[in-house]
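Visitor: Hi! I'd like to get to know this protein a bit. Could you walk me through it?
Guide: Happy to, let's bring it up.

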Amino acid sequence: VQLQASGGGLVQAGGSLRLSCDTSGLTFSSYFMGWFRQAPGKERKFVAAIRFRGMTYYADSVKGRFTISRDNAKNTVYLQMNSLKTEDTAVYYCAAERGAFMTQSSVDYWGQGTQVTVSS
């Protein structure tokens, strides 16, 4: 199983980025997909998640600014990030879980992470 995250980079505050996570080796339709992030010196935290049929969940800190989506035909999950803030700076990880909880301990597979840096 592979989860390949991409799309990170350096952006000014107020800007946008779109992250992608391409998956292979798993039955994509069977997985609850999500994104986490980890800022320097801090623990990894939940950002957003999406079920196969499209139900979405967000951390309060990103509601109204980030949108998670998935393309079940391409086995890919996306995270559109708008109105970025300096506090969004982190390494972003995509995650896949067979269950229904999307917590660090329940995730089955992790992507390698992509760096997002938001400058002021």
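**A chat about the model**

Guide: Let's start with the largest pocket: 13 residues line it, and those nearest its centre are Arg37, Ala39, Lys42, Lys45 and Glu87. Keep in mind that this is a predicted model.

Visitor: Which elements give two or more residues to that lining?
Guide: Those are β4, covering 32–38, and β5, covering 45–50. The largest share is from β5, which supplies three residues.

Visitor: And what volume does the largest pocket have?
Guide: About 210 Å³.

Visitor: How do the lining residues divide into nonpolar, polar and charged?
Guide: Five are nonpolar, three are polar and five are charged.

Visitor: New topic! How many disulfides does a search of the whole structure find?
Guide: One. Cys21 and Cys94 form it, with their sulfur atoms 2.2 Å apart.

Visitor: Remind me, what is a disulfide?
Guide: It is a covalent bond that joins the sulfur atoms of two cysteines.

Visitor: Which parts does this pair tie together?
Guide: Cys21 sits in strand β3 (residues 17–24) and Cys94 in strand β9 (residues 90–97), so the pair links parts that are 73 residues apart in sequence. The link of Cys21 and Cys94 is right-handed, with 55° about the S-S bond.

Visitor: Is Cys21 buried or exposed?
Guide: Buried, because its relative accessible area is 0%. Cys94 also counts as buried, at 0% relative accessibility.

Visitor: Okay, on to Thr76. Where is its place?
Guide: Thr76 is in strand β8, which runs over residues 76–81. Thr76 is buried too, with a relative accessible area of 3%.

Visitor: What joins the side chains of Thr76 and Asp22?
Guide: A polar contact of 2.9 Å. Leaving aside neighbours within four places in sequence, the residues in contact with Thr76 include Asp22, Phe28 and Cys21, and Cys21 is one of the two disulfide partners.

Visitor: Last one: what about Thr114, buried or exposed?
Guide: Thr114 is buried, because its relative accessible area is 10%, under the 20% cut-off. You'll find Thr114 in strand β11 (residues 114–119).

Visitor: How far is a polar atom of its side chain from the backbone nitrogen of Gly8?
Guide: The Thr114 side-chain atom lies 3.1 Å from that nitrogen of Gly8.

Visitor: Which residues is Thr114 in contact with, leaving aside its neighbours within four places in sequence?
Guide: They are Ala5, Ser6, Gly7, Gly8, Leu19, Ala90, Val91 and Tyr92.

Visitor: Great, thanks!

Methods:
Residues are numbered from 1 along each chain as its sequence is written. This is a predicted model: local features need pLDDT of at least 70, side-chain atom pairs count only at pLDDT 80 or more; totals for chains, interfaces and linings use all residues. Side-chain values use heavy atoms; hydrogens and water are left out. On a 1 Å grid over the protein atoms alone, a cavity is a set of points where a 1.4 Å probe fits but cannot get out, and a pocket is an open set with protein on both sides within 12 Å along at least five of seven lines; lining residues have an atom within 4 Å of a point. Grid points are joined across faces, edges and corners, and a volume is the space filled by probe spheres set on the points. Helices (H or I, at least four residues) and strands (E, at least two) are DSSP runs, numbered from the N terminus. Ala, Val, Leu, Ile, Met, Phe, Trp, Tyr, Cys and Pro count as nonpolar, Asp, Glu, Lys and Arg as charged, and the others, Gly among them, as polar. Buried means under 20% relative accessible area, exposed over 50%, partly exposed in between (1.4 Å probe, protein chains only). A polar contact is a pair of N or O atoms within 3.5 Å; within protein, one must be able to donate a hydrogen and the other to accept it, and residues adjacent in sequence count only if both atoms are side-chain atoms. Contact means heavy atoms within 4.5 Å. A disulfide is a pair of cysteine sulfur atoms within 2.5 Å.
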